[in-house]
Amino acid sequence: MNINEDKNYVILSNQINKVLLDKYKDYPIIDKMNFNDLVSKLEFFSSKRIVFNETFYYLRNTEKQVILDLLDKQHIKYIIITSNIEDVLYGDYLIVYDEENIVVEGLTKEVLKEEKIMKKIGFGLPFAVDLSKQLQYYDILYQTYYDIDSLVGELWN
């Protein structure tokens, strides 16, 4: 698999192990780290690509956004390796592993259309995506929303 240097990736896996991490060993890997330490480290980060291994799992949404804004400001592209389905929305391109095998990959919004495949390996859809799809069945919404704030805004209108 080739990593396009212009995209941000999310690797979703139900079994994050050394074999999976070794595929991305050419990049600096940040493991679980608290928010303040992470910000301090990224402020002077010299690489143009970084891998977060389950790091986002321990951050609040506001903290994640601060990190993403910092990366964007410094023109640093990232790969997020996670088992949390909610974190897939932070990348342009999604690669879904079942153990050590790629099951599906592509643009994030396209991969999330593969709901049956995702459920087969134990993942659902991110909450906002799932809820907006369910509300489409009742003709309450007419499009899929990928973030909760947009979804809530539309429901209030």
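The domain assignment, which is automatic or comes from a database, divides the chain into domain 1 (9-116) and domain 2 (126-157). This is a predicted model, in which local features need pLDDT of at least 70 and side-chain atom pairs count only at pLDDT 80 or more, while totals for chains, interfaces and linings use all residues. Residues are numbered from 1 along each chain as its sequence is written, and side-chain values use heavy atoms, with hydrogens and water left out.

Reader: How many residue pairs are in polar contact between domain 1 and domain 2?

Author: Seven residues of domain 1 are in contact with six residues of domain 2, contact being heavy atoms within 4.5 Å. The count of salt bridges between the two domains is zero, a salt bridge being a side-chain nitrogen of Lys or Arg within 4 Å of a carboxyl oxygen of Asp or Glu. A polar contact is a pair of N or O atoms within 3.5 Å, of which one must be able to donate a hydrogen and the other to accept it, and residues adjacent in sequence count only if both atoms are side-chain atoms. Between domain 1 and domain 2, with both residues at pLDDT 80 or more, the count of such residue pairs is one.

Reader: Against which helix do the buried residues of α6 pack?

Author: Helices are DSSP runs (H or I, at least four residues) and strands likewise (E, at least two), numbered from the N terminus, and buried means under 20% relative accessible area, exposed over 50% and partly exposed in between (1.4 Å probe, protein chains only). The buried residues of α6 are Ala 128, Val 129, Ser 132 and Leu 135. They cover an arc of only 135° around the axis, which puts them on the same side of α6, the arc being that of the directions from the helix axis to the C-beta atoms. The helix that these buried residues pack against is α7.

Reader: Is Asp 139 buried or exposed?

Author: Asp 139 lies in the loop between α6 (127-137) and α7 (148-156), and has a positive phi of about 55° although it is not a glycine. With a relative accessible area of 52%, Asp 139 is exposed.
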